[in-house]
Amino acid sequence: QVRLVESGGGLVQAGGSLRLSCAASGSIISIATMGWYRQAPGKQRELVATITSGGSTNYVDSVKGRFTISRDNAKNTVLLQMDSLKPEDTAVYYCNGYIYASYGGVAYWGQGTQVTVSS
């Protein structure tokens, strides 16, 4: 069974930094695009950043220049370095990955990790 497990959320003051980590485990053949999404209370889940297996990245405009996504293909992990955090970054952050196992490719989600930025 494939799983995505996030870690690294927490409470931080505005202007501070946090680093989120997501590790994929199970009978994985390969992982295509991985990404981070977030959902604030009363709002829809939105894309934060994605990274392909080749390292190409994409960010939502609101985090460009502040967040950096990276991955370690050998360890099946994806990181999100978040700097200059703002109160509006407060949300539950979810890891996502399109993972190929013996039964084909499936998009998986982690359980989510809370990020709270105080003003």
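Trainee: Which residue does the disulfide join to Cys22?
Mentor: The disulfide joins Cys22 to Cys95, with an S to S distance of 2.1 Å. Keep in mind that this is a predicted model.

Trainee: What makes that pair a disulfide?
Mentor: The cut-off is a pair of cysteine sulfur atoms within 2.5 Å. The sulfur atoms of Cys22 and Cys95 are at 2.1 Å, so the pair counts as a disulfide. The structure holds 1 disulfide. The pair links distant parts of the chain, with Cys22 in strand 3 (residues 18-25) and Cys95 in strand 9 (residues 91-101), 73 residues apart.

Trainee: Why is the disulfide of Cys22 and Cys95 called left-handed?
Mentor: Because the torsion about the S-S bond is about -80°.

Trainee: Are Cys22 and Cys95 buried or exposed?
Mentor: Buried means under 20% relative accessible area. Cys22 has 0% relative accessibility, so Cys22 counts as buried. Cys95 also has 0%, so Cys95 counts as buried too.

Trainee: What is the secondary structure of the protein chain?
Mentor: The secondary structure comes to 0 helices and 11 strands. From the N terminus on, the order of elements is β-β-β-β-β-β-β-β-β-β-β.

Trainee: How do you know that the radius of gyration agrees with a compact globule?
Mentor: A compact globule of 119 residues would have a radius of gyration near 14 Å, and the protein chain has 14 Å, so the value agrees. Along the principal axes, the C-alpha atoms fill a box of roughly 45 × 25 × 20 Å.

Trainee: What share of the contacts joins residues at least 24 apart?
Mentor: The share is 55%, counted among contacts between residues at least 6 apart in sequence.

Trainee: How far apart are the mean positions of the positive and negative charges?
Mentor: They are 4 Å apart, for 10 positive and 7 negative charges.

Trainee: Why is Thr50 called buried when its relative accessibility is 15%?
Mentor: The limit is under 20%. A value of 15% falls under it, so Thr50 counts as buried. Thr50 lies in strand 5 (residues 46-51). Leaving aside neighbours within four places in sequence, Thr50 is in contact with Thr33, Met34, Gly35, Ser56, Thr57, Asn58 and Ile69.

Trainee: What makes Met82 a buried residue?
Mentor: Met82 has a relative accessible area of 0%, so Met82 is buried. Met82 is found in strand 8. Not counting residues up to four places away in sequence, Met82 touches several residues, including Leu18, Leu20, Phe67, Tyr93 and Val115.

Trainee: Why is Asn76 called partly exposed?
Mentor: Partly exposed covers values between the buried limit of 20% and the exposed limit of 50%. Asn76 has a relative accessible area of 22%, so Asn76 is partly exposed. The place of Asn76 is in the loop between strand 7 (67-72) and strand 8 (77-82). Phi of Asn76 is near 55°, a positive value in a residue other than glycine.

Trainee: What makes Gly8 partly exposed, and where does Gly8 lie?
Mentor: Gly8 has a relative accessible area of 33%, so Gly8 is partly exposed. Gly8 lies in the loop between strand 1 (3-7) and strand 2 (10-13). Beyond four places in sequence, Gly8 is in contact with Leu18, Arg19 and Leu20.

Methods: Residues are numbered from 1 along each chain as its sequence is written. This is a predicted model: local features need pLDDT of at least 70, side-chain atom pairs count only at pLDDT 80 or more; totals for chains, interfaces and linings use all residues. Side-chain values use heavy atoms; hydrogens and water are left out. Helices (H or I, at least four residues) and strands (E, at least two) are DSSP runs, numbered from the N terminus. The radius of gyration is taken over C-alpha atoms; the globule rule is 2.2 Å times the number of residues to the power 0.38. Contact means heavy atoms within 4.5 Å. Lys and Arg count as positive and Asp and Glu as negative; His and the chain ends are not counted. The place of a charge is taken as NZ of Lys, CZ of Arg, CG of Asp or CD of Glu. Buried means under 20% relative accessible area, exposed over 50%, partly exposed in between (1.4 Å probe, protein chains only).
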